[in-house]
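Reader: I would like a close look at one part of this model, the surroundings of the ligand, with a word on charges over rings.

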Amino acid sequence: MEAPHHQAPAVTLKITVNSPEHMGELGRRLAKLLRPGDLVMLTGELGAGKTTLTRGLGEGLGVRGAVTSPTFVIARVHPPLGEGPSLVHVDAYRLGGGLDEMEDLDLDVSLPESVIVVEWGDGKVEELSDDRLRVVIDRTVGEATDGAAGAVDAVDEVREVTITGLGARWAEADLASLGA
Ligand code: ADP
Ligand code: MG
């Protein structure tokens with residue numbers, strides 16, 4: 001499919017992640033590529049590992065506060081411990097009205113100066129920016145084989161992560177460094 005003329009073509013990278021620890025590591029690596037104003041959208045079913053990835057991202061950025069599933073809040077701001085952007089972690093699951101509602105949240109932070117990570121944001125927050133990093137996490141539908149229980153557990157921890165950079169911001173970013 002041809003990309004729209006106003007946007008640079010998407011850059012896509014696929015990574016196989018074998019454990020929660022590896023997912024955290026991916027988040028820490030991704031943090032090195034992020035700049036203030038970046039929007040990262042995380043897509044994947046419940047338990048896919050969106051929050052686990054965000055936790056690694058928060059570690060990589062060096063922000064304050066534990067990154068957890070924001071069950072009772074829609075968005076949580078993690079200020080930087082040193083230099084660098086705040087992390088704004090959004091769970092858009094209950095964000096019915098989309099972006100307007102998010103602006104109404106009155107977060108005490110400048111979004112252009114923050115890194116914004118949104119779980120469940122599809123169809124809701126795209127208008128925040130034409131430049132988006134879209135991260136899709138799939139549980140591989142691996143069949144439980146006749147192996148030992150431990151082996152089945154290991155299969156359970158495999159995730160396919162597809163990272164797509166949309167817009168000019170990501171056209172020249174070194175996404176390949178994430179897979180190394
Ligand atoms: P989500 O935010 O997508 O609902 P969480 O990150 O909160 O998911 O939870 C993911 C759960 O799956 C955690 O309990 C984590 O330990 C487990 N898990 C198993 N394998 C992986 C993996 N490869 N990556 C991330 N999480 C994994
Ligand atoms: Mg989550």
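Which residue has its charged end over the ring of Trp170, and how far is that end from the ring centre?

Author: The charged end of Arg169 sits over the ring of Trp170, at 3.9 Å from its centre. A charge counts as over a ring if NZ of Lys or CZ of Arg is within 6 Å of the ring centre and within 35 degrees of the ring normal. This is a predicted model, in which local features need pLDDT of at least 70 and side-chain atom pairs pLDDT 80 or more, while totals for chains, interfaces and linings use all residues. Residues are numbered from 1 along each chain as its sequence is written, chains are lettered from A and ligands numbered from 1 in the order in which they are written, and side-chain values use heavy atoms, without hydrogens and water.

Lys50 also lies over a ring face, that of Trp120, 4.4 Å from the ring centre. A polar side-chain atom of Lys50 is 2.7 Å from an oxygen atom of ligand 1, a polar contact (a pair of N or O atoms within 3.5 Å). Backbone N or O atoms also approach ligand oxygens: one of Gly47 at 2.8 Å and one of Ala48 at 3.3 Å. Ligand 1 alone exposes 570 Å², of which the protein buries 76% (Shrake-Rupley method, 1.4 Å probe).

There are 16 residues around ligand 1, each with a heavy atom within 4 Å of the ligand. Helix 2 (50-61) is one of the elements that give two or more residues to this shell, and with three residues helix 2 gives the most (a helix is a DSSP run of H or I, at least four residues).

Note on methods:
Polar contact = N/O pair within 3.5 Å; in protein donor to acceptor, adjacent residues only side chain to side chain.
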